[in-house]
Amino acid sequence: MMLTYGFSIQGKGHIEKNVVCQDYNMVRRLSSGHYIGIVADGVGSAPNSDVGSKMATEALFDYCSQHVRKISSADDIEIIISDGFTYALGQIREYAAKENKRIDNYDTTLSAVVYDGSSLIYGHAGDGGIIVKHNDGFISMVTSRQKGADGISVRPLRAGSGSWDFGTVEDAASVLLVTDGMLDGVLQPVLINLPKDKMELMRGSFEKNDVYVTASEFFMNPYSVYLNKSIKSPEKYMKRFLEGDMTGNDQEIFKKCMLAAYARLLGKETAAKIIKGIEKYFYTVWPLIMLRMIRV
């Protein structure tokens with residue numbers, strides 16, 4: 001059974017400033033039987049980035065939908081995704097010309113995966129990330145964050161093929177595509193994974209495999225929320241969690257979700273020990289999550 005979900009939610013900071021949601025995502029099953037997940041994050045400084053992110057996502061999906069076949073090999077699909085990135089950029093370029101606007105008005109990141117349940121083929125442009133949980137339980141970020149020379153600005157889809165990143169992971173059990181806000185505030189918190197210097201911090205390039213397992217497991221283990229029998233409405237709960245409309249009791253619910261996730265994998269006794277360890281040593285997980293919900 002393949003379980004999929006995706007959210008594009010307007011952050012609290014954007015709500016306060018009356019800024020539209022600049023993210024767009026799509027999770028579908030292709031006619032070939034493969035699953036495709038796409039996430040695009042409009043660049044904040046670009047006035048029409050919400051249009052750019054939507055166009056990039058839909059164009060890439062359309063291209064992959066037309067070209068990925070049941071018999072397509074991983075190498076074939078990698079080429080298709082690469083060509084799809086070129087097609088998506090071309091669609092944005094044509095639209096910008098039609099509207100008589102500069103293409104950088106529509107700047108967006110773009111990350112995508114095509115997955116058959118074991119082999120995962122990905123494409124990536126920007127400062128978000130693609131995180132994979134491997135069959136042995138190890139969680140790693142398989143992409144690098146693409147920042148400008150100043151270590152702050154993002155290299156968007158418009159940066160072109162010389163900047164884009166493509167690859168294949170053969171032992172993927174699950175995958176998570178996230179924008180920079182989630183990556184900064186939840187999955188790669190600097191209080192846990194300390195960078196060597198300020199420039200490394202700004203680039204976000206330190207130890208790309210340093211992923212905060214507790215938070216990642218919450219999103220990537222289906223038994224934490226979606227197959228957790230104690231969560232009556234998983235989709236509503238996950239949306240509320242991501243929106244940050246939480247109360248003090250939600251920290252306990254979070255730990256119960258993690259207990260259920262680890263218990264399914266490792267047994268109740270081991271899971272209970274892990275949760276005690278989280279409570280004792282990784283108390284920062286909840287403040288970091290809440291901080292992210294407030295600032296994005």
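Buried means under 20% relative accessible area, exposed means over 50%, and partly exposed lies in between, with a 1.4 Å probe and protein chains only. Strands (E, at least two residues) and helices (H or I, at least four) are DSSP runs numbered from the N terminus. In a regular strand the side chains alternate between the two faces of the sheet.

Strand 5 runs antiparallel to strand 8 (residues 172-178), to which 6 bridges join it. With strand 6 (residues 139-141) the pairing is also antiparallel, over 3 bridges; strands count as paired if DSSP finds at least two bridges between them. Val132 stands opposite Val175 in strand 8 and opposite Ser140 in strand 6. The hairpin of strand 5 and strand 6 has 4 residues between the strands, and Gly137 in this hairpin takes a positive phi near 95°.

## The open sheet and its helices

An open sheet of 5 strands has the order 1-2-3-4-7, with antiparallel pairing. Its edge strands, each pairing on one side only, are strand 1 (23-29) and strand 7 (165-169). From one strand to the next the twist averages 10°. Strand 4 and strand 7 are joined by 5 bridges, and Gly123 has Phe166 of strand 7 as its bridge partner.

Helix 2 lies across strand 1, strand 2 and strand 3, at about 20° to strand 1. Helix 3 lies across strand 3, strand 4 and strand 7, at about 25° to strand 4. Axes are lines fitted to C-alpha atoms, for helices over the stretch in contact, and angles run from 0 to 180 degrees between N-to-C directions.

## Nonpolar cores

The largest nonpolar core has 30 residues, of which Phe85, Leu110 and Leu157 touch the most other members. Such a core is a set of buried Ala, Val, Leu, Ile, Met, Phe, Trp, Tyr and Cys residues joined through side-chain atoms within 4.5 Å. At least two residues each come from strand 2 (35-41), helix 2 (49-67), helix 3 (74-98), strand 3 (110-115) and strand 4 (120-125). Helix 3 supplies the largest share, 8 residues. A second, separate core of 24 residues includes Phe241, Phe254, Met258 and Tyr262.

Beyond its neighbours within four places in sequence, Leu110 has contacts that include Ile38, Leu60, Phe85, His124 and Leu157. Contact means heavy atoms within 4.5 Å.

## Aromatic pairs

The whole structure holds 13 aromatic pairs. Rings of Phe, Tyr and Trp (its six-membered ring) pair if their centres lie within 6.5 Å; planes under 30 degrees apart count as stacked, over 60 as edge-to-face and the rest as tilted. Tyr5 and Phe7 form a tilted pair, 6.0 Å centre to centre with 55° between the planes. Tyr5 is partly exposed at 21% relative accessibility, as is Phe7 at 23%.

The centres of Phe218 and Phe254 are 5.1 Å apart and their planes are at 40°, so this pair is tilted. Phe218 lies in helix 6 (residues 213-220) and Phe254 in helix 8 (residues 249-266), so the pair ties together parts 36 residues apart in sequence. Both residues, Phe218 and Phe254, are buried. Ring pairs link Phe218, Phe219, Tyr237, Phe241 and Phe254 into a cluster.

## Basis of the values

Residues are numbered from 1 along each chain as its sequence is written, and side-chain values use heavy atoms, with hydrogens and water left out. In this predicted model, local features need pLDDT of at least 70 and side-chain atom pairs count only at pLDDT 80 or more, while totals for chains, interfaces and linings use all residues.
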